[in-house]
Amino acid sequence: MVKVHFLNVGCGDCTIVHFPERTRKSDGKTKAERIMMIDLYHHEDHDEYEHVIDYYKNNFKNDDGSIKPIFRFVLSHPHQDHLCGLNKLFNDNNIEILNFWDLEHGFVPENFDGHPTHKDDWDMYQAKRIKNDGSPTIIRTNRDDAPRLYWNDDEDRITILSPSLEMLKNAHSDKEDGTKREPHEIDVDSISYALALRINDRKIIFAGDGKTDTWQDIFDNCKEHIKNCHILKAPHHGHESAFHEEAVKLMNPKYIIFSNSKDEDNSNGAESKYKKVLPNSSIYKTCNEGTIIAHCPFDSQEGIQFFRS
């Protein structure tokens, strides 16, 4: 089975997907074990939230005690609440990152206020994306790229829902008054990676931080890829700003995961809207449940089970 860890990191994101070694029935081909981490919001000394790097080391070990590599790290977009701890992760000699998914963007933060490691994390991010020396391999892609050599049906069955080339262009275009955007004004939320993962006939949607304009684009162009999913990692931490009613109805998830802090959830959460549109869906919040682990069997006759870490 595939195990999906939705980490309790407060007002941020970190999801770990563990693909086991498995043998495909159609041709007997063995597919290697892989681990994908989507975003990072690391806490050093917060009792309520996960220390992400310790969590990874404790839960992803080989039989000899060594730490399993991260095959694919996906930075959905370069805001602080999605890359916090990146410097520490890359400097940890026990964790190897093989592939790093980045966006094509010109965004630069206006300042580094708000978190003590933001400047170090940003500098590490820039060093990796600019140097691009193969350690890790930098992959910049979008919905319109073809062929998708690393994630097609022969691999981990990941479909890119966003960004599209049009959304990338719009995020960097001039403002409505005709003036150029400053680097900090580039709307990287709107071009956040949104991914659909297929586990045989089940779908999991990792929605990123795109708001309603992004979801209008996804709804217009990706209906078959998002229709009737099983798990939805709610866009933009479950905020109202990313609630797109038509897309939510089409996705029709059985389970919805909110990754947020209690304060942000109380202020901006769209739980009531999801419940109105999807009264039969179950909502799990990391701020209430803690870290949530979904066990997704390859056999669709077996139910998905949820556990607390």
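Me: What loop does Asp39 lie in?

Reply: In this predicted model, Asp39 sits in the loop between β5 and β6 (40–41).

Me: And why is Asp39 called buried?

Reply: Buried means under 20% relative accessible area. Asp39 has a relative accessible area of 3%, so it counts as buried. Something else to look at here is the backbone: Asp39 has a positive phi of about 70° although it is not a glycine.

Me: What does Val277 touch, leaving out residues up to four places away in sequence?

Reply: Phe243, Glu245, Val248 and Lys249. Contact here means heavy atoms within 4.5 Å. As for Glu246, 31 residues separate it from Val277 in sequence, while their C-alpha atoms are 9.4 Å apart in space.

Me: Which residues of helix α6 are buried?

Reply: In α6 (residues 212–221), Thr214, Trp215, Asp217, Ile218 and Phe219 are buried. Their cover includes the strands β10 (158–162), β11 (194–199) and β12 (202–206), along with the helices α5 (165–172), α7 (223–226) and α8 (245–251).

Me: What is the strand order in the sheet of 6 strands?

Reply: The order is β10-β11-β12-β13-β14-β15. This sheet is open and its pairing is mixed.

Me: Why are β10 and β15 (282–285) said to stand at the edges?

Reply: Each has a single partner strand, so one side of each is left without a neighbour in the sheet. On average, neighbouring strands here are turned by 20° against each other, direction ignored.

Me: How do you know that β14 (residues 255–258) and β15 pair?

Reply: Two strands pair if there are at least two bridges between them. β14 and β15 have 4 bridges, so they pass, and they pair in the parallel sense. In that pairing, Ile256 stands opposite Ile283 in β15.

Me: Which residues does the cis peptide bond join, with omega about 10°?

Reply: Ser162 and Pro163. Pro163 is in the loop between β10 and α5.

Me: What about the sheet of 8 strands: what is its order?

Reply: This open sheet runs β9-β8-β7-β5-β2-β1-β16-β17, with mixed pairing. The edge strands are β9 (137–140) and β17 (305–308), each pairing on one side only. Neighbouring strands in this sheet are turned by 20° against each other on average, direction ignored.

Me: What makes β2 (residues 15–19) and β5 (residues 34–38) a pair?

Reply: The test asks for at least two bridges. These strands have 5 bridges in the antiparallel sense, so they count as paired. Val17, for one, has Met36 in β5 as its bridge partner.

Me: Which helix packs on this sheet?

Reply: Helix α1 (residues 52–59) does, touching β1 (2–6), β2, β5, β7 (70–74) and β16 (292–296). The direction of α1 makes about 165° with that of β5.

Me: How many cavities of 30 Å³ or more does the structure hold?

Reply: It holds 1. The largest cavity has about 110 Å³ of space.

Me: What makes it a cavity and not a pocket?

Reply: In a cavity, a 1.4 Å probe fits but cannot get out, whereas a pocket is open. Residues lining the largest cavity include Asp13, Thr15, Asp39, Tyr193 and Lys233. By class, that lining has 6 nonpolar, 3 polar and 3 charged residues.

Me: What is the volume of the second largest pocket?

Reply: About 190 Å³. Of its 14 lining residues, the closest to the centre are His42, Glu44, Cys84, His115 and Thr117. Helices α3 (86–91) and α4 (118–131) each supply at least two residues of the lining.

Me: How does the lining of the second largest pocket divide by class?

Reply: Into 2 nonpolar, 7 polar and 5 charged residues.

How values were computed:
Residues are numbered from 1 along each chain as its sequence is written. This is a predicted model: local features need pLDDT of at least 70, side-chain atom pairs count only at pLDDT 80 or more; totals for chains, interfaces and linings use all residues. Side-chain values use heavy atoms; hydrogens and water are left out. Axes are lines fitted to C-alpha atoms, for helices over the stretch in contact, and angles run from 0 to 180 degrees between N-to-C directions. On a 1 Å grid over the protein atoms alone, a cavity is a set of points where a 1.4 Å probe fits but cannot get out, and a pocket is an open set with protein on both sides within 12 Å along at least five of seven lines; lining residues have an atom within 4 Å of a point. Grid points are joined across faces, edges and corners, and a volume is the space filled by probe spheres set on the points. Ala, Val, Leu, Ile, Met, Phe, Trp, Tyr, Cys and Pro count as nonpolar, Asp, Glu, Lys and Arg as charged, and the others, Gly among them, as polar. Buried means under 20% relative accessible area, exposed over 50%, partly exposed in between (1.4 Å probe, protein chains only).
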